[in-house]
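Student: Hi! Could we walk through this structure together?
Tutor: Happy to. Here it is.

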Amino acid sequence: MTPRLAFWELSPELMASYTALNHQLEKSTLGKPFVELINLRVSHINGCAYCLGIHAKSLRAAGESNSRIDQLGGWQVSDQYTEKERAALAWTDAVTNIITSGTPDDVFNALKAHFTDQEISDLTFAIITMNALNRLGISMRK
């Protein structure tokens, strides 16, 4: 697919800010592999083929198993994910589908057993940041 606009060239300062935000998230206590898992899930939901390839490749390079990557689309019924990951993935689904989910209290409250308030904030930033890039990539055909 041919890109509509080369947004990464047309808005270099904005892309640099996005990249800096991403690096900060990867350096958070969540860690890069966890953020990449979230990025992959967001990209599943949004259908961003380019991002699916990038984040799956990054996870494999970090040592993630193919079965966990392959089963992420069905994480709710897979035995591949910890309770902590399940809480984060449920929150990822709720925030990404905010128009229909309304981010329910039970989904948010489940995070409290596994994450600090700062980690929940960082996780939410990771989710919204990936959603923003998916929307940019999909709309500009990247």
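Tutor: One term to begin with: a contact means heavy atoms within 4.5 Å. This is a predicted model, where local features need pLDDT of at least 70, side-chain atom pairs count only at pLDDT 80 or more, and totals for chains, interfaces and linings use all residues. Residues are numbered from 1 along each chain as its sequence is written, and side-chain values use heavy atoms, with hydrogens and water left out.

Student: OK, which residues is Arg68 in contact with, leaving aside its neighbours within four places in sequence?
Tutor: Those are Leu37, Gln80, Tyr81 and Glu85.

Student: And what does the side chain of Arg68 make a polar contact with?
Tutor: The side chain of Glu85, at 2.6 Å. A polar contact is a pair of N or O atoms within 3.5 Å; within protein, one must be able to donate a hydrogen and the other to accept it, and residues adjacent in sequence count only if both atoms are side-chain atoms.

Student: Is Arg68 buried or exposed?
Tutor: Arg68 counts as buried, because its relative accessibility is 13%. Buried means under 20% relative accessible area, exposed over 50%, and partly exposed in between (1.4 Å probe, protein chains only).

Student: New topic: how many aromatic pairs are there?
Tutor: Three. Rings of Phe, Tyr and Trp (its six-membered ring) pair if their centres lie within 6.5 Å; planes under 30 degrees apart count as stacked, over 60 as edge-to-face and the rest as tilted. Phe34 and Phe115 have ring centres 5.9 Å apart and planes at 55 degrees, so this pair is tilted.

Student: Where do Phe34 and Phe115 lie?
Tutor: Phe34 is in helix 3 (residues 32–46), while Phe115 is in the loop between helix 8 (105–111) and helix 9 (117–139), so the pair ties together parts 81 residues apart in sequence. Helices (H or I, at least four residues) are DSSP runs, numbered from the N terminus. Phe34 is buried at 13% relative accessibility, and Phe115 is buried at 5%.

Student: What do the buried residues of helix 3 pack against?
Tutor: Helix 2, helix 4, helix 5, helix 6 and helix 9.

Student: Which residues have the most contacts inside the largest nonpolar core?
Tutor: Ile38 and Leu123, in a core of 34 residues. A nonpolar core is a set of buried Ala, Val, Leu, Ile, Met, Phe, Trp, Tyr and Cys residues joined through side-chain atoms within 4.5 Å. Leaving aside neighbours within four places in sequence, the contacts of Leu123 include Phe34, Ile38 and Trp91.

Key
Helix = DSSP H or I, 4+ residues; strand = E, 2+ residues; numbered from the N terminus.
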